[in-house]
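Please look over the protein shown below and keep its structure at hand while reading this briefing.

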Amino acid sequence: MITPLSWLKEYVDIDVEPKELEKKLFSCGFEVEESYEVGKDISNVVVGYVESCEGIPDTHLSLCQVNAGEHGTFQICCGADNVHAGGKYPLALVGATVYATAKDHVTIEGVMKIKKGKLRGYESFGMLCSGTELGLNEDLYPGAGYNGLLVLPEDAQAGADVKPILGLDDWIFDIAITANRPDCQSIYGIAREVAAVLGKECKEPALDYTETEVQKDGFTVSVDAQDLCPRYIGHYVYDVKIAESPAWMRRRLALVGIGSISNVVDITNYVLKELGQPMHAFDYQYLEGNKIQVRRATDGEKIVTLDEKEFELSSSNLVICDGKKPVALAGIMGGLNSEITEATNEVVFEAAKFARDNIRKSSRALGQVSDSSAMYAKGVYEYTTVMAMKRALHLIEELDCGKVSSTHVEVSTGNSIEPKEMKVSISRVNGVLGIEVPEKEMLRILTSLNFAPSIQGDELTLQIPAYREDMESYPDVAEELIRMYGYEHVTGAFMPTAAVTAGGLNLRQKTELKLKRALCAQGAYEGVHYSFFSPSDLDLLRLPEDAPERHAIKLINPINIDLSLMRTTLAPQMLHAIARNQKKGILSGRIFELGNIFIPKELPLTEYPDERETICAGIFGEEESFFTLKGMAETVAKTLNLNFTYEASTKTFLHPYQTAEIVCEGEKVGYLGKLSYEIADELDMRVPA
């Protein structure tokens with residue numbers, strides 16, 4: 001969850017340093033995977049006031065005297081066409097770091113350090129900067145998109161650091177959200193947690209708006225699949241004026257990785273990130289039949305989405321339709337036939353709760369992923385659906401880009417969005433934790449989490465907000481208490497029936513470790529691959545249709561086709577590992593893997609398959625050969641106190657005259673050989689394997 005500090009401060013008075021806030025978040029269960037200052041690569045750049053500016057004859061350059069306040073006045077050679085006396089621009093002093101740009105002055109090619117230089121015989125003590133050279137674009141700061149110097153405000157003080165002026169002192173937190181907390185997949189959701197851990201008040205986003213008496217006669221909403229859509233809200237807005245969003249909104253969206261499109265579209269994206277509720281805006285003039293219908297698609301039905309991709313749908317997909325046709329893939333993406341354009345003057349805002357499993361499966365099946373589908377797959381609450389519609393309508397008024405009508409249609413299954421009461425035993429909660437949390441602390445913590453607690457004897461009564469569907473019983477209450485109270489209060493102790501036992505590795509583990517060490521001593525590195533592979537991997541090995549390796553277990557719901565079969569051989573993944581290394585310029589190496597293959601007794605499965613521990617080794621390089629690999633096989637034999645013999649053999653994917661079966665006590669236990677030239681070429685290998 002990408003979270004800008006400046007956006008959090010909209011709701012919480014944060015009075016700690018960014019690194020301290022990171023520690024506070026970690027202490028209450030939210031790991032910050034990465035945190036960085038927006039202008040982390042920019043240093044020693046100040047406000048420069050151009051006192052004089054004269055053109056250098058026969059060049060496009062200007063010779064400027066730039067006042068940098070307490071830092072002094074510097075002579076700067078500048079080639080920008082918008083530099084002039086009296087202007088204020090970012091000045092990178094000697095020793096400063098800024099971004100280096102390509103010849104197009106837009107593409108960033110790294111970070112450069114400013115040095116004293118000489119242009120056309122004139123010394124230059126620094127550089128006046130464009131927005132791109134400071135890592136800015138038009139959304140992050142107005143004027144930064146111009147291919148010239150970034151113009152600073154007239155009231156900027158000469159010599160002042162530009163970072164606070166340009167918002168480069170802002171911080172970004174990338175926060176890991178656990179699966180049970182989809183309510184925190186938003187800026188406001190994180191703000192609630194920050195407020196709780198800092199003991200501060202969390203301000204609610206403004207939700208007020210004024211409805212006019214204008215109605216859209218005959219507009220209806222129907223939901224035919226309430227099991228997949230328990231709540232759907234549609235609201236009609238008229239006199240819409242499509243324009244550019246204000247700078248503050250464009251900046252916030254840019255900080256979370258979303259480019260500005262137009263005010264109406266930006267509002268839906270803003271609410272998505274702010275509240276965690278995907279929204280959509282339909283151009284009303286393209287809605288036939290004056291209605292919206294939420295239903296399952298019919299088999300073979302087609303839709304073209306906003307990214308101009310056409311999809312053929314099935315009855316497992318949920319669609320939003322007008323009176324005649326689908327106008328959106330529910331929870332995934334709107335249709336091209338109802339998109340917002342410059343000509344739009346009427347819109348219908350949509351906010352809905354869709355079943356997370358249906359959206360996840362549809363998104364995967366269609367290969368269509370969006371910010372909305374990702375959010376729905378994690379979980380969206382009906383409480384947020386109602387709140388988000390109010391927020392969007394407030395923003396319509398705040399941005400003065402339309403009028404909110406009284407035409408509002410809400411279809412739901414009747415689920416309450418009011419807090420639900422929960423009663424738990426304090427002694428049971430403390431029993432889970434193994435410590436006693438003082439009642440005063442319990443009340444403080446649970447109040448900060450908006451649970452409105454009260455205690456009577458051993459009974460703790462809570463009012464659980466509708467956005468905390470994860471709160472089901474006393475263990476959940478215990479978790480909320482300890483993450484805020486602090487895990488340092490938990491003292492280590494043996495359970496009453498515990499006894500100290502001697503640890504150590506068993507014989508199997510010792511043997512595996514011994515084998516790995518022996519192969520590492522031969523210069524091999526251990527590789528670890530997934531236990532799944534692709535049907536195409538078996539084709540790569542040129543295996544016949546009746547080959548035992550093709551008798552593989554199929555996964556019912558694979559992540560993708562490349563991980564759809566339980567592996568029956570380790571060879572394909574080893575070949576891919578060798579090929580990947582060669583593509584990255586590593587032209588010699590030795591790899592081994594010790595892992596299971598899965599041999600079904602029959603298909604479809606009626607009992608667990610035989611999980612057979614197998615060792616696979618792969619070597620590649622001009623100096624490696626069949627006999628090097630045979631030496632590694634002998635190392636395995638020696639380590640296991642066995643004797644191997646070798647017999648000439650053939651394999652569909654190995655060289656016909658450099659392949660052998662490995663035999664142990666009369667039983668064929670493996671094989672080795674040189675990869676065929678045909679497969680090596682197919683994998684773009686540059687050296688033998």
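Of the contacts in the protein with a separation of 6 or more, 68% are accounted for by residues 24 or more positions apart, where contact means heavy atoms within 4.5 Å. The model is predicted, with local features needing pLDDT of at least 70 and side-chain atom pairs counting only at pLDDT 80 or more, while totals for chains, interfaces and linings use all residues. Residues are numbered from 1 along each chain as its sequence is written, and side-chain values use heavy atoms, with hydrogens and water left out.

**Overall make-up**

- The protein has 17 helices and 33 strands, which are DSSP runs (H or I of at least four residues for helices, E of at least two for strands) numbered from the N terminus.
- Its C-alpha trace spans about 90 × 80 × 65 Å along the principal axes.
- Of its 689 residues, 50% count as buried, a word that stands for under 20% relative accessible area, with exposed meaning over 50% and partly exposed in between (1.4 Å probe, protein chains only).

**Nonpolar cores**

- A nonpolar core is a set of buried Ala, Val, Leu, Ile, Met, Phe, Trp, Tyr and Cys residues joined through side-chain atoms within 4.5 Å.
- The largest such core has 79 residues, and those with the most contacts inside it are Ile175, Ile190, Val194, Ile267, Phe349 and Val477.
- Helix H4 (residues 187–198) gives the most to this core, contributing nine residues.
- A second, separate core has 40 residues, among them Ile292, Leu313, Ala355 and Tyr376.
- If neighbours within four places in sequence are left aside, Ile190 is in contact with Met1, Thr3, Leu8, Phe30, Ile175, Ile177 and Cys184.

**A contact across the sequence**

- Ala176 lies in the loop between strand S11 (171–175) and H4, and it counts as partly exposed because its relative accessibility is 22%.
- Although Ala176 and Glu33 are 143 residues apart in sequence, their C-alpha atoms are 6.4 Å apart in space.
- Not counting residues up to four places away in sequence, Ala176 touches Phe30, Glu31 and Glu33.

**Helix H8**

- In helix H8 (residues 371–378), the residues Ser372, Ser373, Met375 and Tyr376 are buried.
- These residues cover an arc of only 160° around the axis, which puts them on the same side of H8; the arc is that of the directions from the helix axis to the C-beta atoms.
- The cover over the buried residues of H8 includes helix H6 (263–275), strand S21 (347–353) and helix H7 (356–366).
- Just after H8, Gly379 takes a positive phi of about 125°.

**Helix H15**

- The 13 residues of helix H15 (residues 571–583) should span 18 Å at 1.5 Å a residue, which agrees with the 19 Å between its end C-alpha atoms; the expected span is 1.5 Å times one less than the number of residues.
- The buried residues of H15 pack against several elements, including helix H14 (535–540), strand S29 (589–599) and strand S30 (610–620).
- Just after H15, Gly585 takes a positive phi of about 90°.

**Charges over rings**

- A charge sits over a ring if NZ of Lys or CZ of Arg is within 6 Å of the ring centre and within 35 degrees of the ring normal.
- The charged end of Arg192 sits over the ring of Tyr467, 3.8 Å from its centre, and that of Lys40 sits over the ring of Tyr36, 5.9 Å from its centre.
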